[in-house]
Amino acid sequence: MPYDLNRYDGFAPANFREESPFKIHGGCGLMGICDESGALMSGEVPILAMAVQRDRGNGLGGGFAGYGIYPAFPDHFCFHMMYHDLRAKEEAEAILDRHFLIEVAEPMPTRPVKGITGAPLLWRYFMTPHTHMLEERDVSAEDYVVGVVMLVNSRVDGAFVASSGKNMGAFKGVGYPEEIGHYFRLEEYEGHTWVGHNRFPTNTPGWWGGAHPFTLLDWSIVHNGEISSYGINSRYLEQFGYTCSLGTDTEVAAYLFDLLLRRHKLPVELACKALAAPLWDEIDRMPADAAALMRSLRAVYGPGMLNGPFAIVLGFNGGMVALNDRIKLRPLVAARSGAVIMVASEESAIRTVLPAPDEVWTPKAGEPVIARVAGMEPPFHSQLHASPAEISCAMTAVEAACHAEEVVA
Amino acid sequence: MQQSFVQPEFRVKIDYDKCHKCGRCVQQCGWGVYDFNERPVPHDEKCRACHRCVTFCPAHCITIEKNTLAFRDNDNWSTDARKAVWKQAETGGVLLTSMGNPKPYERIFDKLLLDACQVTNPSIDPLREPMELRTYLGRKPDNVEIVPDGNGGFKLAEGAGVHHNIKLDTPIIFSPMSYGSVSLNVHRSLAMAAERCGILMNTGEGGLHEDLYPYQDNVIVQVASGRFGVSPEYLQRGAAIEIKIGQGAKPGIGGHLPGEKIDREVSATRMIPQGSDAISPAPHHDIYSIEDLRQLIYALKEASGYKPVGVKIAAVHNVAAIASGIVRAGADYVYLDGFRGGTGAAPAVIRDHIGIPIEIAIAVVDQRLREEGIRNQASIIAAGSIRSSADAAKAIALGADVVAIGTAALLALGCHLCQSCHTGKCSWGITTQKPELTRRIDPEWGAERLTNLVHAWSHELQEILGALGVNAVESLRGSRERLRAVGLDEQTCRILGVKPAGL
Amino acid sequence: MKPASIAPPAGVIEGYRYVAPAVECDGATVRMDAQGVYFQQLNDAVREEIASGAKLIRLSNVNGQRYIGTGLRVSGVKIEVEGTAGNDLAMFSDGIEIEVFGNGQDGVGNTMSSGRIVVHGDAGDVLGYGMRGGSVYIRGDVGYRVGIHMKAFEKLVPVLVCGGKARDFFGEYMAGGMLVLLGINARDDSQPIAGGFLGAGMHGGVIYVRGSVEPWQCGAEVAIATVGEEHMAELRPVIEDYAKAMGMDAEDILSQPFTRIAPMSHRPYAKLYASM
Ligand code: SF4
Ligand code: SF4
Ligand code: SF4
């Protein structure tokens, strides 16, 4: 039975058709923080950083992702689940049970918060794949997990996987970020890397699953701005098999990172250059080798270039990358305080949590700020072989994406 | 001689009170309309309404009017249809004409509107902020392979990246027009303008005159079925090589340049005897199928040191599949010529009734290449009545990389679209080889007008990009989301991949 | 440095509280603690104190509150800000004096008419947008699109001096007034003093850059020249005033040659258009 979010009020408002044939517009605020020494920070840090940027959102979506937050289960896949009702939970759990050894299944710790209503049932699971099933199918654990995410998202009415990585989790919903953070008791977690987001959608009511960050395995992405090149970016991705069914820039940015980092194996610095390409004049002034490289990147990935104002933070288990557009039409401030690197839409967010940073700067347009936790390799999922169509289905759970091709085995 | 039933189309009116009796009109008219007997005496039946005499009459006393001679109304049997029958009954000939299809078929460009930014994303100021039109023409790999450079950075892997692409400063180039069909001065004007604008001109099928050698980096050399002027040197001189399969104005039809037009220079450039007819067969006789095309493409690459090789086809019903085959055969670009494209000479029945609109051709080809995952492997050049920068922007939004302009370029040089190029008597000195007429185009003057036109359109494209909130043309290319249709039927919208306005 | 530790939340962590700031009066001097106070309550309090005769208002613990001094039409009143002033500091202001001991965010002095702003730190993007009078002095680096469309009108001549380095589009569309870029108090010595598109679309006013700029950095509409004595007469008093405000040595600043960037025409696009 196809998954149709229209039927669920609260979880997905009835008047909101999630699979959007239209471009969805919105503004936002964001933050990212990473302690490169691997030391852990309380979840209050991202809440506070988002709280001072409250005026950048409109209460229709807030969210966080934290890394290193489950030290008791560092090697378990942790699924953060959203359910519309108990039936959805039962069906989804049956699938999880079939595929994983479930170590822990528990409701997400939450507390009532004024203004937060219509929350779905929120559960989390710490699990390891059944080894015999991995062997039988001869797939990597990552492919296996993506497959299960797809299966749940596409086959179970009213179930949505909010995050599915190791030692990380996404906490998101409809409300201001500080309310969402309080709701999820974020201050009880500690992580080495956090990203946060405040949403200002202009033409859609929010739904819990639609808040940022968007995740897949342990990638999370938050985004501020409006990409004017959405039309060609989405057609370009469709050419590779991705289905841009949400109509959001974030979805497009997430697929582009998947394409460039995982499938085309570009180093993250160069992937950022493809997405926020230098001007031709600038390329012409570079030394010959660098110019040849940039010219090729731009000529080849031109249809993927994100044109128009944006700031993006990509979080992963081991760091984060922040990037803004090629002529800096959206704000992004960066700071370093000892081993801590932080980015935010406003400097005040930084100074709220890092009152005396060693340095504060405005990153140059199109130049990524990259933070890496010492000793952790950025997991660009070299073990993942999922097709673009499968990635689309897993990330969005939208019917069109899951049925674009027969992606669910 | 038998009295023709066909009455003159135009009336040449001279206000003799103002006329200086200077005789300039007599000298200006390429079609010999005027006799001079103390004052100019026009023979209306020869007039083509090219306005050369009107433009240069010092007294401004000439005007050309339509012959308003009334025919009995008949929506079925138009006046033109009746005249055609009379002409053919008189001559027994195929009616020859020139320039593009003038019939009132739907003009899709005029039913498409572009988007603009408001609030949620900003428009960009095209004059002060960067607004990049640079376009690389040619085959691109699907991805860029990188290796560490040994200093903590990265460099291109051996042989990776983009090669054999042509840098264009703006996505507007000149379409092929052969020396022979147009004059050498037109070719010189186009070549000089191409160099100044950082774009390309195209020899057409008539070879490359040595006067154009200094501009060879801005020239596409064409190889057509007649193989005129094709030598290893010719192939090595061009920036790119184009195999001409077809032309929008006359798909499936060859060409015939009459011997009278083959003077010494034309004959030397085409490498055929002076005065003999230059005949282009309908097909290339070494291309009867797609694998033969591949063979020719690689023969040209071998002979030229692997220059980009493009293939020009007329937009016909099955254009998407044909283009896909061309790309898979190894072409670096596909040149699509819509059914409104111009010509120096074509049978009217062919020009007016064969082919499909360029808008549709771009849409289906771009989509097909994307679906097959080979869109990066070739650029798309679109032509066939690009009348303005707006048409260019819409063509690019539908999926073209580059547009080519022929008729617009000739208009810049003075052409008035009198559709009489096939007579070889063009009063404007464009489509003629008569020295007294070709002199009328000074290449320096022509180059300046063409440069002005390309620059003006480029500025307008920048204005459009700015309104769309993007600062590089690659963000408009194929971005059909930025187009909306007004008054197109649902099926056409679907084929174009464009939503109706309001959605 | 580790992030500040925060006491466990009693309720939702708020970036700001919607309460009036604590105010201490000492004659015409007023101190306000802006710690965690929402911008509306803070700015209301500032306006109230000005209405009741305050001449100097000291705001401590400011962090990101927007619109400080925005829309104020008073002269002889000064606001001192301790901390990071939020977006649109002194926007539309007319006569107020503001001194920031910290950084400014985006939009400082936006469409300001007159008055004086001194920031002892960096400032963000779109600094001095459409400024038509008054002076803005920044000690350190400034972001993208600084001083764009500054304009002069009769006696109103805006002056904006940046002590550090600037990013792209410095002085874009500039129509009047004076922009000065010193490159002295910069964070990163390896960067050029300005980004690209300097003075792009400039059609009035003048930009002085300490040191030199490359032609590629400048818009097509400007002429680049070294500064001669005749121009020092207009630059010197500005530098002296700036040095005084910053506690720097004017002669030190003036010890290096300056480059003068001025528009070639007041109508740069007259030829771009043709009427139909
Ligand atoms: S053909 Fe042209 S030049 Fe000759 S009379 Fe007619 S309008 Fe004049
Ligand atoms: S050119 Fe004009 S003025 Fe001269 S003869 Fe002809 S009609 Fe008369
Ligand atoms: S080129 Fe000359 S003959 Fe051909 S249509 Fe134009 S004006 Fe007429």
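1. A polar contact here is a pair of N or O atoms within 3.5 Å; within protein, one atom must be able to donate a hydrogen and the other to accept it, and residues adjacent in sequence count only if both atoms are side-chain atoms. The model under discussion is predicted. By this rule, 18 residue pairs, both at pLDDT 80 or more, are in polar contact across the interface of chain A and chain B.

2. On the side of chain A that touches chain B, the helices α6, α8 (268–275), α9 (280–285) and α10 (288–301) of chain A each supply at least two residues. The most come from α10(A), with nine residues. By class, this side of chain A holds 20 nonpolar, eleven polar and nine charged residues.

3. How much area do chain A and chain B bury between them? The figure is about 3400 Å², with 58% of it on carbon and sulfur atoms. The contact draws 40 residues from chain A and 43 residues from chain B. R235(A), Q239(A) and W280(A) supply 20% of the area that chain A buries against chain B, more than any other three residues.

4. Five salt bridges are counted between chain A and chain B. In one salt bridge, the side chains of D284(A) and R134(B) meet at 2.4 Å, N to O. Over all chains, a search of the whole structure finds 57 salt bridges. The side chains of R235(A) and D366(B) also form a salt bridge, at 2.6 Å, N to O. R235(A) belongs to helix α6 (residues 230–240) of chain A and D366(B) to helix α10 (residues 358–371) of chain B, so this pair joins two chains.

5. Chain C contributes 36 residues and chain A 43 residues. Three salt bridges cross the interface of chain C and chain A, and K328(A) and D125(C) meet through their side chains in a salt bridge of 2.4 Å, N to O. The interface of chain C and chain A also has 15 residue pairs in polar contact, both at pLDDT 80 or more. The side of chain C that touches chain A divides into 17 nonpolar, ten polar and nine charged residues.

6. Chain B is divided into domain 1 (10–93) and domain 2 (135–139 + 168–500). The C-alpha centres of these domains of chain B lie 32 Å apart. Twelve residues of domain 1 of chain B are in contact with ten residues of domain 2 of chain B. The two domains of chain B bury about 990 Å² between them, 53% of it on carbon and sulfur atoms. Of the area that domain 1 of chain B buries against domain 2 of chain B, W31(B), R48(B) and R52(B) supply 55%, more than any other three residues.

7. How many salt bridges does the rule find across the interface of domain 1 of chain B and domain 2 of chain B? The number is zero, whereas six residue pairs, both at pLDDT 80 or more, are in polar contact between these domains of chain B. On the side of domain 1 of chain B that touches domain 2 of chain B, α1 (24–28) and α2 (52–56) of chain B are the elements that give two or more residues. The most come from α2(B), with three residues.

8. Ligand 2 is surrounded by 13 residues, the closest being C19(B), C22(B), G23(B), C25(B) and C57(B). The shell around ligand 2 comprises nine nonpolar, two polar and two charged residues.

Methods
Residues numbered from 1 in each chain as written. Chains lettered and ligands numbered in written order. Predicted model: local features only at pLDDT ≥ 70, side-chain atom pairs only at ≥ 80, totals over all residues. Heavy atoms only, no water. Domains from an automatic or database assignment. Contact = heavy atoms within 4.5 Å. Buried area = accessible area lost by both parts, 1.4 Å probe. Salt bridge = Lys/Arg side-chain N within 4 Å of Asp/Glu carboxyl O. Helix = DSSP H or I, 4+ residues; strand = E, 2+ residues; numbered from the N terminus. Near = heavy atom within 4 Å. Nonpolar A, V, L, I, M, F, W, Y, C, P; charged D, E, K, R; others polar.
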